[in-house]
Amino acid sequence: MSMVTMPEPVVLGLWFEDFEMGKERFSPGRTITESDLTGFSGLTGDYSQVHTDEEFCKKTEFGTRIAHGLLGLSIAQGLMWRTNYTQGTGVASLGWDKWSFKLPIKIGDTVRVRWKLTQKRESASKPNMGIITEFVELLNQRGETTQSGEHITLIRKRPK
């Protein structure tokens, strides 16, 4: 197999053919820290008071600072990646659809991801690849869904 057809030499992930409809997966957990909020604010430039001003937040419906919605989505992607399920087989994230922010994520919350395959199809333009759609939920330590939506990924087929 040449490096042109297989750019990632370490394959730990599933090939397109290995993905099973309805198969549920779970990530490890990750506790949200103050430095997560501070770092994400610096990275994005989003210094909204609900993320940066504890005294202001004491008077809001949240009662404390909350994580940026997109920080939650970013962490969900990272937690999924930690399972290696697309290591060496995933080509590109094609999109996040119908993503909803359902509950706030607070400093000290521990989140993990639960996801399952809901759709798979051959790629029309890339015969050596397929497209999968997964329903993804970011759960807190109480098992409550904080965010959810669909993730669409381009996946390599098993080389012949």
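**Reading the labels on a predicted chain**

Q: Why does asparagine 84 count as partly exposed?
A: Its relative accessibility is 27%. Buried means under 20% relative accessible area, exposed means over 50%, and partly exposed is what lies in between, using a 1.4 Å probe and protein chains only. With 27%, asparagine 84 lands in that middle band, so it counts as partly exposed.

Q: What kind of model is this, and what goes into the values?
A: It's a predicted model, where local features need pLDDT of at least 70 and side-chain atom pairs count only at pLDDT 80 or more, while totals for chains, interfaces and linings use all residues. Residues are numbered from 1 along each chain as its sequence is written, and side-chain values use heavy atoms, with hydrogens and water left out.

Q: What makes the phi of asparagine 84 worth a look?
A: The angle is positive, about 65 degrees, although this residue is not a glycine. Most residues other than glycine have a negative phi. Asparagine 84 sits in the loop between helix 4 and strand 3.

Q: Why is lysine 98 called exposed?
A: Its relative accessibility is 66%, which puts lysine 98 in the exposed class. Lysine 98 belongs to strand 3, and its phi is positive too, near 50 degrees, in a residue other than glycine.

Q: Which other residues of helix 4 are buried, and what covers them?
A: Leu71, Gly72, Ile75, Ala76, Leu79 and Met80 are also among the buried ones. Their cover includes strand 2 (30–31), helix 1 (34–44) and strands 3 to 6.

Q: What makes a set of residues a nonpolar core here?
A: The members are buried Ala, Val, Leu, Ile, Met, Phe, Trp, Tyr and Cys residues joined through side-chain atoms within 4.5 Å. The largest one has 23 residues, and Val111, Val113 and Leu138 touch the most other members. Helix 1, helix 4, strand 4 and strand 5 each give two or more residues to this core, and the largest share, 6 residues, comes from helix 4. Among the contacts of valine 113 are Ala76, Leu79, Met80 and Leu138.

Q: How do you know where the buried residues of helix 1 sit around its axis?
A: The buried ones are Asp36, Leu37, Phe40 and Ser41. Taking directions from the helix axis to the C-beta atoms, they fall within an arc of 130 degrees, so they line one face of helix 1. Ser35 and Leu43, on the other side, are exposed.

Q: Why are helix 1 and helix 4 called roughly perpendicular?
A: Their axes are 10 Å apart and the helices pack at about 105 degrees. Axes are lines fitted to C-alpha atoms, for helices over the stretch in contact, and angles run from 0 to 180 degrees between N-to-C directions. Angles under 35 degrees count as roughly parallel, over 145 as roughly antiparallel, 65 to 115 as roughly perpendicular, and the rest as oblique. About 105 degrees falls in the 65 to 115 range, so the pair is roughly perpendicular. The contact is made by Asp36, Leu37 and Phe40 of helix 1 and Leu70, Leu71 and Ser74 of helix 4.

Terms used: Helices (H or I, at least four residues) and strands (E, at least two) are DSSP runs, numbered from the N terminus. Contact means heavy atoms within 4.5 Å. Lists of a residue's contacts leave out its neighbours within four places in sequence.
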